[in-house]
Amino acid sequence: MFRSLARALGMAAGWAELVPLTLLLWLLSFTPFPRPAYRSLFRYWSRVWVAALGVRLRLHQHNLHPLPPVFLLIANHPSAFEDVGIPALFDVDSLAKHEVRHWFLVGRISAAAGTLYVERDSQESRRHAAKAIARHLRGGRSMALYPEGGVKGMRVHEFRYGAFAVSLETGIPIVPVFIHYEAQRDFFWDRESLPLKLWQIMRATNPVANYHLFDAIDPRDFTDKADYCQAVQQRYLDWQARYLE
């Protein structure tokens, strides 16, 4: 009972901070506010979202070596929660589906923070996104994306080649993060509206989000994007067997 009360109070405090902070970030998006400072506020905003949803976000650092100065972070994508969980933990810009750009408040905020967008079913849009990601990486900004190409299910689905082609082209290493939630059904984003899914996450009885960070993968170990993709996906299948099965 004490834990439930503490969580409820924490969520109330989170929402009390989240509402004015969201308005501030939205207003700042109309100004020439410095991008690095805006990104810092965006990351803090993401952490406030975590608190408002009552999620216990846990980073498991399996990596033996420090993160590279610039990297391409990839993760499986079982939930909507990753959209705040990843930037809450990592200083990265994200690739999101183009619909996010038009979401109320959040679309403008995410764009101002440096988010890139892609139409997942458009080959031309994916090509433009790959070029934009490469420019970001060469410019010194780490990126995050989901090689499954969207929320596919609670288990790992087939990876697309895009992230691996960009890594090979730029020489930037891939940092893999494997995500799993204790309350998988509550976090999995199926056909629910986003507000309903957030409400389900808030009502989860075991709201623990586990983000497993592993060592960076050097693209110099591969010459072909298909082999690169297959090798990394196999790691995710191994982690799935370890943590979920």
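Q: How many salt bridges does the structure hold?
A: A salt bridge is counted when a side-chain nitrogen of Lys or Arg is within 4 Å of a carboxyl oxygen of Asp or Glu. This is a predicted model, in which local features need pLDDT of at least 70 and side-chain atom pairs count only at pLDDT 80 or more, while totals for chains, interfaces and linings use all residues. Residues are numbered from 1 along each chain as its sequence is written, and side-chain values use heavy atoms, with hydrogens and water left out. The number of salt bridges in the structure is 6.

Q: Asp93 forms a salt bridge with which residue?
A: The closest N and O atoms of this pair are 3.0 Å apart. The partner of Asp93 is Arg141.

Q: How many residues apart in sequence are the parts that Asp93 and Arg141 tie together?
A: Helices (H or I, at least four residues) and strands (E, at least two) are DSSP runs, numbered from the N terminus. Asp93 lies in strand 3 (residues 93-97), and Arg141 lies in the loop between helix 5 and strand 5. The pair therefore ties together parts whose separation in sequence is 48 residues.

Q: Is Asp93 buried or exposed?
A: Buried means under 20% relative accessible area, exposed over 50%, and partly exposed in between (1.4 Å probe, protein chains only). The relative accessibility of Asp93 is 3%. Asp93 therefore counts as buried.

Q: What is the relative accessible area of Lys197, the salt-bridge partner of Glu192?
A: The closest N and O atoms of Glu192 and Lys197 are 3.6 Å apart. Glu192 counts as buried at 17% relative accessibility. Lys197 is buried as well, and its relative accessible area is 0%.

Q: Is Arg220 buried or exposed?
A: Arg220 meets Asp218 in a salt bridge (2.7 Å, N to O). Asp218 is partly exposed, at 25% relative accessible area. Arg220 has a relative accessible area of 73%, so it is exposed.

Q: Why do the buried residues of helix 8 line one face of the helix?
A: Helix 8 (residues 194-202) has Lys197, Leu198, Ile201 and Met202 as its buried residues. Their positions are judged down the helix axis, where the arc is that of the directions from the axis to the C-beta atoms. The residues line one face because they fall within an arc of 145°.

Q: Which helices are included in what covers the buried residues of helix 8?
A: Contact here means heavy atoms within 4.5 Å. The cover includes helix 1 (2-28), helix 2 (35-52) and helix 7 (184-187).

Q: Which residues have the most contacts inside the largest nonpolar core?
A: A nonpolar core is a set of buried Ala, Val, Leu, Ile, Met, Phe, Trp, Tyr and Cys residues joined through side-chain atoms within 4.5 Å. The largest one has 41 residues, and helix 2 gives the most to it, with 7 residues. Leaving aside neighbours within four places in sequence, one of its residues is in contact with Val50, Tyr181 and Ile201, among others; that residue is Phe81. The residues with the most contacts inside the core are Phe81 and Ile86.
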